[in-house]
Amino acid sequence: MSYPTQTVSSSAISGEESAGGELFESLRLELRRGCLVLAVLAQLEQEHYGYTLRKSLAEAGLEIEESTLYPLLRRLETQGLLTSEWREEDRRKKRFYRLSPEGARIFRLLLAEWNRINDSITRIVQKER
């Protein structure tokens with residue numbers, strides 16, 4: 001059995017999704033959910049407000065809808081992983097987020113786990129080829 005190992009663009013995924021149907025979309029969203037948490041925590045090592053966070057994630061190739069991002073930020077803050085504060089910038093009030101000390105600790109643990117999983121999947125997929 002062989003598996004695709006190359007990077008797939010989001011437009012290619014959209015095309016495949018329509019061909020793969022609901023099962024592919026459900027599995028893709030499940031996979032993406034955990035990755036988004038890790039990506040958001042990584043980006044919030046530096047302070048961001050929502051727009052700049054979305055922009056930095058998109059520039060890194062990970063698009064995220066506002067309707068996904070803001071509930072995720074609220075959940076991570078409720079869990080004590082983020083801190084936030086309202087400030088005025090360019091005459092607009094914006095809510096700035098960054099990792100809390102606990103968030104930084106959890107991020108390091110999750111990143112190590114993600115690297116272990118990624119290494120294992122890579123070995124498994126290569127063994128199958």
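# A pocket, a ring pair and a loop

Tutor: Let's start with the second largest pocket, which holds about 210 Å³ of space. This is a predicted model, where local features need pLDDT of at least 70 and side-chain atom pairs count only at pLDDT 80 or more, while totals for chains, interfaces and linings use all residues. Residues are numbered from 1 along each chain as its sequence is written, and side-chain values use heavy atoms, with hydrogens and water left out.

Student: What makes a set of points a pocket, and what does its volume stand for?

Tutor: On a 1 Å grid over the protein atoms alone, a pocket is an open set of points with protein on both sides within 12 Å along at least five of seven lines. Grid points are joined across faces, edges and corners, and the volume is the space filled by probe spheres set on them.

Student: Which residues line the second largest pocket, and which element supplies the largest share?

Tutor: A lining residue has an atom within 4 Å of a point. Here these are Y49, G50, Y51, Y70, R74, W86, R92, K93, K94, R95 and Y97. Strand β3 gives the largest share, with five residues, and α2 (50–59), α3 (66–78) and β3 each supply at least two. Helices (H or I, at least four residues) and strands (E, at least two) are DSSP runs, numbered from the N terminus.

Student: How many residues of each class are in that lining?

Tutor: Five are nonpolar, one is polar and five are charged. Tyr and Trp count as nonpolar, Lys and Arg as charged, and Gly as polar.

Student: Why is the aromatic pair of Y49 and F96 called edge-to-face?

Tutor: Rings of Phe, Tyr and Trp (its six-membered ring) pair if their centres lie within 6.5 Å, and planes over 60 degrees apart count as edge-to-face. A search of the whole structure finds one such aromatic pair. The ring centres of Y49 and F96 are 5.3 Å apart and their planes stand at 75 degrees, so the pair is edge-to-face. Y49 lies in β1 (residues 48–49) and F96 in β3, so the pair ties together parts that are 47 residues apart in sequence. Both Y49 and F96 are buried.

Student: How do you know that R87 lies over the face of F96?

Tutor: The test asks for CZ of Arg within 6 Å of the ring centre and within 35 degrees of the ring normal. R87 lies over the face of F96, at 4.0 Å from the ring centre.

Student: Why is S100 called buried, and what does S100 touch?

Tutor: Buried means under 20% relative accessible area, exposed over 50%, and partly exposed in between (1.4 Å probe, protein chains only). S100 has 6% relative accessibility, so S100 counts as buried. S100 sits in the loop between β3 (92–99) and α4 (101–128). Leaving out residues up to four places away in sequence, S100 touches G80, L81, L82 and T83, where contact means heavy atoms within 4.5 Å.

Notes:
1 Å grid on protein atoms, 1.4 Å probe; cavity = no way out; pocket = protein on both sides within 12 Å on 5 of 7 lines; lining within 4 Å. Phe/Tyr/Trp six-rings, centres within 6.5 Å; stacked < 30°, edge-to-face > 60°.
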